[in-house]
Amino acid sequence: MDGKLAVIGLGSIGSMALWQASRLTDSVAGFEAAAPAHGRSAVGGDTRLFRMVYRGNPGYYPILERSRALWAELEAETGQDILTRCGGLSIGTANGPYLNAVLETTRATGADHQVLTHEELAARYPQHNLRPDDIAVYDPHAGALRTDRAVTAAVTAARANGATIHTSTPIDSITETEGGVTLTSGEKSWTYENVIIASGGWSRRLMPDYLKAATETKRIFLTWFVARDGAQYTPEKFPIFIRIYEDRSMYGAPAVDGVTVKATLDGRGKPTPDAGNVPRELTEAEIAETTDTVTEFFPGLDPAIVRSDAFPDLFTKDNNPLLGPIHQGSRIYTATGFSGGGFKNATGFGEIAAQEALGKQTFDYLDFVCPERFRTS
Ligand SMILES: Cc1cc2nc3c(=O)[nH]c(=O)nc-3n(C[C@H](O)[C@H](O)[C@H](O)COP(=O)(O)OP(=O)(O)OC[C@H]3O[C@@H](n4cnc5c(N)ncnc54)[C@H](O)[C@@H]3O)c2cc1C
């Protein structure tokens, strides 16, 4: 037996699971096919939005609260500046479906928020070219997560706690035997009491057939722009934002690098067969729609795309993650399928994965993320 727990994949969630597991045991190892935080994984693209005000399942809220606390702990433990706390805006038509859904979830969760009238929104955030009936919900705890810093910090903290880290070690197979799980990479093999699969867009290779059938790897692209007046798009002046209408939608983040503003079409994930070969070039249609939307939404941005890229993520059929053993009593635990929305909760999901894989109880209402919900027989 080589140890208590192995984490396969040290990207967004695996790095956090390793960090959390290393707080519980010094008998944990991480296996990464390339290097932690490498730029072709779902860590790529510098930032991810963090927000507590959202539309959808209120069940995510306690995990968000825990994640927020853990982001602060990771910053304190490693001295890294990971979450740029700049607030967030959800912008849309007053009484329209998007903002109604955001407000309904927010009422259910009790998240701190402030509704901004059209006039307040226009006065406070003149960067947004508003439509006549636009209002916004302001989220004071939102911000931009610095992805590569976050993952590197978690791996550093795990190593300091005694975790073993294998880089450039792609796991080819996992086999559950009585009392353990054997991993192979080329000629080498290891056996651990428990294993977490956290290999993101690559996870299907290691998953049982019923989960292969319930998942798909998708490509998501990002685009960045330069402001005509950079001082208007700093984190102090320009919160992260999401704007959704029936005809167009966009989300983005301030210029955390001091130069480029992220502004990207929302909900454009497209199936891609190989997470390791995601097409990075944007199509003409993607460029045209992005340019049109930026031109309408942000007169203060030069609408020429100065940078673009694309990354993989694993989507499930219901867009909820796969957090749990592959079947009841199994020593193989999946922490994947974050469906384009996992980074904000990476710390919380990582903690759930580490604790549950080591046999500890966490939240008691997590049926909506349990992998076995996809079993048909
Ligand atoms: C462009 C884009 C924008 C997004 N925006 C947001 C956002 O604003 N807010 C938000 O909350 N979420 C967002 N998301 C979603 C979020 O980033 C992902 O859900 C999350 O990062 C997925 O993390 P992961 O750990 O599953 O995968 P990854 O971070 O990709 O990690 C997987 C790791 O496993 C490794 N690996 C693969 N196969 C093996 C193997 N066989 N052996 C060992 N290692 C292996 C890979 O090399 C990689 O390092 C976005 C996603 C994308 C792609």
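**Ligand site and fold of a predicted chain**

Ser 339 is buried at a relative accessible area of 11% (buried means under 20% relative accessible area, exposed over 50%, partly exposed in between, with a 1.4 Å probe and protein chains only). The residue sits in the loop between β20 (332–336) and α8 (346–357). Helices (H or I, at least four residues) and strands (E, at least two) are DSSP runs, numbered from the N terminus. Phi of Ser 339 is near 50°, a positive value in a residue other than glycine.

The model is predicted: local features need pLDDT of at least 70, side-chain atom pairs count only at pLDDT 80 or more, and totals for chains, interfaces and linings use all residues. Residues are numbered from 1 along each chain as its sequence is written, and side-chain values use heavy atoms, with hydrogens and water left out.

Ala 37 belongs to the loop between β2 (28–31) and β3. Its relative accessible area is 16%, so Ala 37 counts as buried.

The chain contains eight helices and 20 strands. Its radius of gyration is 21 Å, close to the 21 Å that the globule rule gives for 377 residues, so the chain is as compact as a globular protein of that length. The radius of gyration is taken over C-alpha atoms, and the globule rule is 2.2 Å times the number of residues to the power 0.38. Along the principal axes, the C-alpha trace spans about 65 × 45 × 40 Å. Of the 377 residues, 55% are buried. The accessible surface comes to about 15,400 Å², and carbon and sulfur atoms hold 48% of it. Accessible areas come from the Shrake-Rupley method with a 1.4 Å probe; for residues, only the protein chains shown count as cover. Among contacts (heavy atoms within 4.5 Å) with a separation of 6 or more, 74% join residues 24 or more positions apart.

The ligand has 32 residues around it, of which Ser 12, Glu 32, His 38, Asp 313 and Lys 344 come nearest. A residue is near a molecule or strand if one of its heavy atoms lies within 4 Å of it. The shell has 17 nonpolar, eleven polar and four charged residues. Here Ala, Val, Leu, Ile, Met, Phe, Trp, Tyr, Cys and Pro count as nonpolar, Asp, Glu, Lys and Arg as charged, and the others, Gly among them, as polar.

A backbone N or O atom of Gly 340 lies 3.3 Å from a ligand nitrogen atom. For Gly 341, a backbone N or O atom is 3.2 Å from a ligand oxygen atom. A polar backbone atom of Lys 344 lies 2.8 Å from an oxygen atom of the ligand. Taken alone, the ligand exposes 1,000 Å², and the protein buries 97% of that. Elements giving two or more residues to the shell are α1 (12–24), β3 (47–50), β13 (215–226) and β18 (307–316).

Ser 15 is found in helix α1. At 0% relative accessibility, Ser 15 counts as buried. Its side chain reaches the backbone oxygen of Ser 12 at 3.2 Å. Leaving aside neighbours within four places in sequence, Ser 15 contacts Gly 9, Leu 10, Val 151, Ala 154 and Val 155.

Ala 253 is placed in strand β15 (residues 249–253). It counts as buried, at 1% relative accessibility. Beyond neighbours within four places in sequence, the contacts of Ala 253 include Thr 47, Leu 49, Ala 144 and Phe 238.

Notes. A polar contact is a pair of N or O atoms within 3.5 Å; within protein, one must be able to donate a hydrogen and the other to accept it, and residues adjacent in sequence count only if both atoms are side-chain atoms.
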